[in-house]
Structures are given as structure tokens and as C-alpha cells.
Amino acid sequence: MVSTRDVVAALQELAALTTLEEESPQSFKVRAYENAISGIQGSGKDVTKLSKSELIALKGIGKSTADKILQFVESGSIDKLEKLREAYPPDFVQLSKIPGIGPKTLKLMRRELAIENLDQLQAAIAEEKLRELPGLGKTSEEKIAKAIERLGLHGKDRRTPISDAMPIAKRLVDALSELDGVSDVAYCGSLRRHAETIGDIDITVAGTLPQPVMDFIADHQLSAEVIGHGETKTSILTREGLQVDVRVVAPEEFGAATMYFTGSKAHNIALRQRAIDRGWLLNEYGLFDNDTEEVIACETEAEIYEALDMQYVPPTVRENTGEIELAADGEIPDFVTLADVRGDLHYHTDRSGDGMSTPEDMIAAAVAFGHEYVAVTDHGVDLSINGSTAEEMIEHRDRLRAIQEDNPDIRILFGCELNIGPDGSLDYDDGFRREFEWNVASVHSHFDLSAEEQTVRLIKAISDPTVNVIGHLSGRYIGRRPGIEFDVDSVIEALRIADVGLEVNGALERLDADADVIRQAVRAGVRLVISTDSHHVSELVRMEYGVRQAQRGWATVTDVANTMQCDDFLEWSRARR
Ligand code: DGT
Ligand code: CA
Ligand code: CA
Ligand code: ZN
């Protein structure tokens, strides 16, 4: 039995493998899969229940994709996908994630040098063979070597980016929740703490019937190999080699189990010491009195923290970096939560070349999400294919004004995502930039400048009076593209002096700024802006990820600009002009 999430995952894999097959992400077939994914996500429908004609009636789904979806729902697999998987095994596909290796280069390497995996690629680099391929050369070879090194892709303890792990965990949690006898399911471990990269996924199930749960996991679509199949714990490997541990516990032990398996290990050890100091024992089954063996608490995490005479600690800060002491003293700060957020301030429409939903649909989605204000920030003209000219922006503003008239309950700001040039210069001229009510300024190119040059570049942009917030500060893609190097102290000081916001970008691929930089900025008194950088109506959910990232940087409600009431926020946004 497959779910809509399974269907989307299969289409995503088809798109990725077809990109390799066709040697281009622009190929007609790739676009067809992407449009189908976008259509399914936009519809919010359970596509496993739809007939062929109903599927085709959805936006973006053609006949051939509909056939594949039907085959998948009926049989659990797609012939085309199986063929592609055979032609492109995971070790080979993994190489396409290295910056500087596009699909064409990758297949050239395979054809000419028989490169199938990272070991063989590194051997070819060591023997200086890559540079001899047409279109490559010494510089490309060195760039690729450096990228492999900086990404830490090699070695046994390879970690998976959170953006790859989260959808897998959510699929499994959703599916497990439907099983008989299951009363609760949670992903735990580093994923629940919202770490940037994940060693393995840990899922805890509260249930009275462990065996069917174990069998369900072993037989699941995602299971390429079963590495352990016990009475209450099963471990599988996905095709990409990501391990998933699933444990079933009695419902009354769910709190103790999720607490233990969420960790971190350092947090657990500090908690256990607190228990020992009281003559108690804390483990994955509960909190016990050593002498009487009586249970003190076990059903919920909140009860266990309370019994230990502590405040509840949100999973995102369970790292033993000061939270234990604060919780014991009753001084856990008022960490920002999703409920505190009132608006989204980095938001694209199909005015951007890479935007996928219309302004009307994006605003409707913001209203449905409950936002009180939203800044529409399509790309400025300097970002070649994705940007808009001044004339196009003025037309866009008129369209947004019309939408505003129809939507009096949300304040729509006409904004822009400016592109920070290599020297810190920005799109348009100062006069036109002032037409926008809100400007995000971000780095989208020239990632290889020196730390000194990047620092000057960022500070120049921060100092511009039309800039409100710096978007995705480092420009990284976790596990795929390292961020720019810059002097963090100087940049944070510049943000503080100018009272320019630091974005916490909620896209899982980015989670930018990183948690350490956020924590330092918060300490310095820099204002944060948590944003989704949505390009499609399905991406507003990223706000929750952004909030968790902000929590990892110890951000409180008052540190975050978009928790302000609309009037206060508008006043702050205009203060610099
Ligand atoms: P990962 O998988 O490397 O990204 O990181 P975690 O934190 O998910 O670590 P994992 O999967 O090895 O274990 C899950 C949790 O189980 C961990 O966060 C805390 C708990 N745990 C594991 N080993 C120990 C241990 O030796 N002592 C204690 N107190 N807790 C442990
Ligand atoms: Ca783990
Ligand atoms: Ca584990
Ligand atoms: Zn953007």
C-alpha cells in the first residue's frame, strides 16, 4: 500500500534519474515529472485514490505520468523507475551531488574512465586523469577535489543532509501511524533535534502489537536491505544507504523512550546524573526509585522533566550547551515557536523565473496559513534568468495591489530579493530600490572569493539603506555546496550597527544562517527574520523548520522581527530609510 508521499518520492527519483539519463534538468521529461510533483503538492489530494481521468485533470499531470502513478499505486513499483535504478545505482548518483559535476560530466567520466563511485573518482583525481577529459582541465579537477574534501563525502561516517532524511522520516511516521495497535509515533535522534546532517533516523512507536510493525518496516518501499529484524527493533537501509532504526515501546513508556532516543547523548548523560543525585535511575523505560523500584515518571517527557525538578526543554536545544542549568533554575528563555510567527518576508511568485505559483495563489496560501503580513520578494534584475526588469516589477506591483484589495485581512508588502554582486553592489539604482517596501539582499554567485573579499562584499550590502535583511547568509546547500567564507564577527557587528535583519532561511537544503552564527547574532542583539523563501504554495510549511533552526540558535520571541504586530513591524522596516 503506497501513500501520496510515496508517489511524490517516486516521481522525484524519476526526475533525478531522468536528469542523468537525458543529461539535462531542462529536458521535457524531467519537466513533466516536476510539473506533476508541483501539481500533486498544490492539490493537497490523496492521489492514490484517483482514477486515470482524475489524475490527468490535476494541474501538471499528463497521460504518461498518470500511467506511471497508477502502476505504482497498483503494484508498488514503476517499470521505468526500476530500469533507471539499474542503470544508475545510488553510489553513482551520489556523485552528481558534487559541485562541478553536472550530468554530462558525470556520464563522460563513466564512459571514458569507468568511474562508478566516489573511490574510483578519487583514484582518477589522484592519477590526474580527470583533467584530460574534454571540457574539464586542471582547474576543474582541483575544484572537484576541493569540493569532495569540504563536503566530507568520503569515509565511513558519511552523514545525510536533513533535507534528504526528513521526507523519509515523515513518510514512515505517517505510514506507521495508520497501523493497528499504534497509538503514537515520533522521529527522534538528531532529526528531532533538527541537526543539519543525520547519521541515522530513529523512530519510536508506541504500540501494543510490535510484530506487525516490525514486518511492515522490513517490507516497506524504502527498505533496500534489512539489517536487523527483532521483536521490538528493526533496522533497514534505504537504497542510498541511510539507516533507519524503528523501535516499538509500550504506550506508557513512550515519553521515556522518545526522551532517551532523542538525546543528545550529552543531554541524556546530564539528565541521568540529575536522577542519580536524587537516588533515582533514568533510562529508556522511565525514571525509577533505586530502592523501591517504583516508577516515578515515564509516560510523557514533560512529566520526567518535572519529576527531575526542571522545566521542559525543547528538543532543538538538547545539546548540553547550557540548557540543563537554565531548566533547573527555571530560566529557560521564551524560545520562539511557530505560533509566534505573524508573517513571511522572503516569498516568491512566478514573477521569478524559478517561482512556480501565481501571486494570487501565493497570497491565498499565506492567508490560509494564518499570516498577518507577507513581503513578496521576487528576484531583482541582476539574477539573469530569474530576475525582473524595473518595468516588469512596476506591473507586478499593480497586480499585487489588486490582490491586496481582494484580501484586506493580510498586509501585502511589495518587496524584492536583491542580488549581492561580487563587490557588494545591488540591483537597479538607489531610487528604484526605494520603490520596494522591503528588500532581502542575498548572495547567489561568486562563492569562491576570499574570506576578506566576501566580508567586504557583505558589509557593503548591509550598509545600503534600502536593505532590510540579508537572505541565506552563507549561500550553502547542506552536503552539496559549502557556504562562502567570511569574518563572522565583523558581519554580525555590521548587522547590529545598521539594524539590518539576519535571515533564518527555513528551506531544509539551506537552514542558513547556521545555528552557531544565529546564536552569536542573538547574543549581539541582531534582529532575526525567519523566512521560507517559498517558490511554491507547498513550501510555506518550511516556516516550522526555520523556527526550529532559530531555536537551535537560542532565539527568543523578541529576537525575531516577524513575531511583531503588523504596525510595529512596519515601523521597524521603515526606520532605516
Ligand atoms: P546521529 O544518528 O549520529 O545523527 O545522532 P543521534 O543523536 O541520532 O545518535 P544515535 O542514533 O546514535 O542515537 C540516538 C539517541 O540515543 C542519542 O541521541 C542518544 C541516545 N543514545 C545513544 N547511545 C547512547 C549512550 O551511549 N548513552 C546515552 N545516554 N544515550 C545514548
Ligand atoms: Ca540517529
Ligand atoms: Ca540510531
Ligand atoms: Zn529567494
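Which residues coordinate the calcium ion (ligand 3), and at what distances?

Modeller: This is a predicted model, in which local features need pLDDT of at least 70 and side-chain atom pairs count only at pLDDT 80 or more, while totals for chains, interfaces and linings use all residues. Residues are numbered from 1 along each chain as its sequence is written, chains are lettered from A and ligands numbered from 1 in the order in which they are written, and side-chain values use heavy atoms, with hydrogens and water left out.

The calcium ion (ligand 3) is coordinated at 2.3 to 2.7 Å by Asp200 (OD), Asp200 (OD), Asp202 (OD) and Asp245 (OD). Donors here are N, O and S atoms within 2.8 Å of the metal (3.2 Å for Na, K and Ca); water is not among the atoms, so sites may look incomplete. Along the chain, the donors of this ion follow the spacing D-x1-D-x42-D. Aspartate 200 also bridges to the calcium ion (ligand 2), and the two ions lie 3.7 Å apart. Because aspartate 202 lies in strand β4 (residues 200-207) and aspartate 245 in strand β7 (residues 243-249), the pair ties together parts that are 43 residues apart in sequence. Helices (H or I, at least four residues) and strands (E, at least two) are DSSP runs, numbered from the N terminus. Both aspartate 202 and aspartate 245 are buried, that is, under 20% relative accessible area (1.4 Å probe, protein chains only).

In helix α12 (residues 210-218), the buried residues are Val213, Met214, Ile217 and Ala218. Seen down the axis of α12, they fall within an arc of 130°, so they line one face of the helix; the arc is that of the directions from the helix axis to the C-beta atoms. An α-helix has 3.6 residues a turn, so residues three or four places apart point the same way. The buried residues of α12 pack against β4 and β7, and also against α10 (162-177), β2 (182-187), β5 (225-229) and β6 (233-237), where contact means heavy atoms within 4.5 Å.

As for the protein as a whole, its secondary structure comes to 24 helices and 17 strands. Of its 577 residues, 52% count as buried. Among contacts between residues at least 6 apart in sequence, 67% join residues at least 24 apart. The C-alpha trace spans about 75 × 60 × 55 Å along its principal axes.

Methods. Buried means under 20% relative accessible area, exposed over 50%, partly exposed in between (1.4 Å probe, protein chains only).
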